[in-house]
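Hi there,

Here is the structure I promised to pass on. Have a look at it first, and then read my notes below.

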Protein chains: 2
Amino acid sequence: MPMPTPTDQLSETFAALADPTRRAMLARLTKGEASVQELAKPFKMSLPAISKHLKVLEKSGLIERARVAQSRPCRLQTKPIKDAVEWLEHHRKLWEDRLDNLDAYLAELQKNQKQNETEKEK
Amino acid sequence: MPMPTPTDQLSETFAALADPTRRAMLARLTKGEASVQELAKPFKMSLPAISKHLKVLEKSGLIERARVAQSRPCRLQTKPIKDAVEWLEHHRKLWEDRLDNLDAYLAELQKNQKQNETEKEK
């Protein structure tokens, strides 16, 4: 699968997340460290293919791999996930606030219109 | 830039977010609807390039384009952003709970060890 070549951290994070195998690996890692073999188990995939996915995850900073043990277990890193959530939440909030303001404005408009009509009827 | 070919909604969302131009477009759209020309303004990019980015955003469901007006203004959709945040938050929480449990376990271990040492000294 061709990968985009992101130039910034946030793009790397989102690109790494844009694959169901990699997300399944991250989900597995929420239960604790795992070796490449353990991570590979649920997938019908060659070890080189698994290794490629892990490299994308490692490069994005979503996981780190121990330098000491021979199995070089993988573990999750929360900083990139946190940054991604922050970006999304910030923009979602901006947009929803805008929709709320629009709703409030329309409600106000409707109220004024009704008032005008009632005054005309008097 | 070659794009991956995601097969599921969440992958499409993350792939669409993995580009600074597309994220800047989404950020602009939090301020309200905009035409393609308005969205293109801040970028030194050809209209076809802009159009390509918009198609990725539209296909992922992050934006929708009005079918009525001739300018077909773009507007943000929150459902895919919400789903992406939920996925990330869920897994971040699982991982952080795990780290908290590990911390608590280590603290307990340390406490027991100290108690044992104090009892031995008696």
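**How the two chains are related**

Chain A superposes on chain B by a rotation of 180 degrees, with 0.0 Å of shift along the axis and an RMSD of 0.0 Å. The two copies are thus related as by a two-fold rotation axis. Both copies use the same surface, with 97% of the contact residues of chain A recurring in chain B. Please keep in mind that this is a predicted model.

**The interface**

On to the contact itself. Chain A puts 38 residues into the contact, and chain B puts in 37 residues. The size of an interface is often given as the accessible area lost when the parts come together. Here chain A and chain B bury about 3500 Å² between them, and 71% of that area is on carbon and sulfur atoms.

For the polar side, there are eight residue pairs in polar contact between chain A and chain B, counting pairs with both residues at pLDDT 80 or more. Which elements of chain A supply at least two residues each to the side that touches chain B? They are helix H1 (9-17), helix H2 (20-29), strand S2 (74-76) and helix H5 (79-121). Helix H5 of chain A gives the most to that side, with 13 residues. Sorted by class, the side of chain A that touches chain B holds 21 nonpolar, seven polar and ten charged residues.

**Salt bridges**

Side chains of opposite charge can pair when their charged atoms come close. Over all chains, the count is 18 salt bridges, and two salt bridges are counted between chain A and chain B. A:Asp8 and B:Arg23 meet through their side chains in a salt bridge, at 2.6 Å from N to O.

Within chain A, A:Glu33 forms a salt bridge with A:Arg75, with 3.3 Å between the closest N and O atoms. A:Glu33 lies in the loop between H2 and helix H3 (36-40) of chain A and A:Arg75 in strand S2 of chain A, so this pair ties together parts that are 42 residues apart in sequence.

**An aromatic pair**

A search of the whole structure finds one aromatic pair over all chains. The ring centres of A:Phe14 and B:Phe14 are 6.1 Å apart and the planes are at 20 degrees, so the pair is stacked. Because A:Phe14 lies in helix H1 of chain A and B:Phe14 in helix H1 (residues 9-17) of chain B, the pair joins two chains.

Best wishes

Key
Residues numbered from 1 in each chain as written. Chains lettered and ligands numbered in written order. Predicted model: local features only at pLDDT ≥ 70, side-chain atom pairs only at ≥ 80, totals over all residues. Heavy atoms only, no water. Contact = heavy atoms within 4.5 Å. Buried area = accessible area lost by both parts, 1.4 Å probe. Salt bridge = Lys/Arg side-chain N within 4 Å of Asp/Glu carboxyl O. Polar contact = N/O pair within 3.5 Å; in protein donor to acceptor, adjacent residues only side chain to side chain. Helix = DSSP H or I, 4+ residues; strand = E, 2+ residues; numbered from the N terminus. Nonpolar A, V, L, I, M, F, W, Y, C, P; charged D, E, K, R; others polar. Least-squares fit on C-alpha atoms with pLDDT ≥ 70 in both. Phe/Tyr/Trp six-rings, centres within 6.5 Å; stacked < 30°, edge-to-face > 60°.
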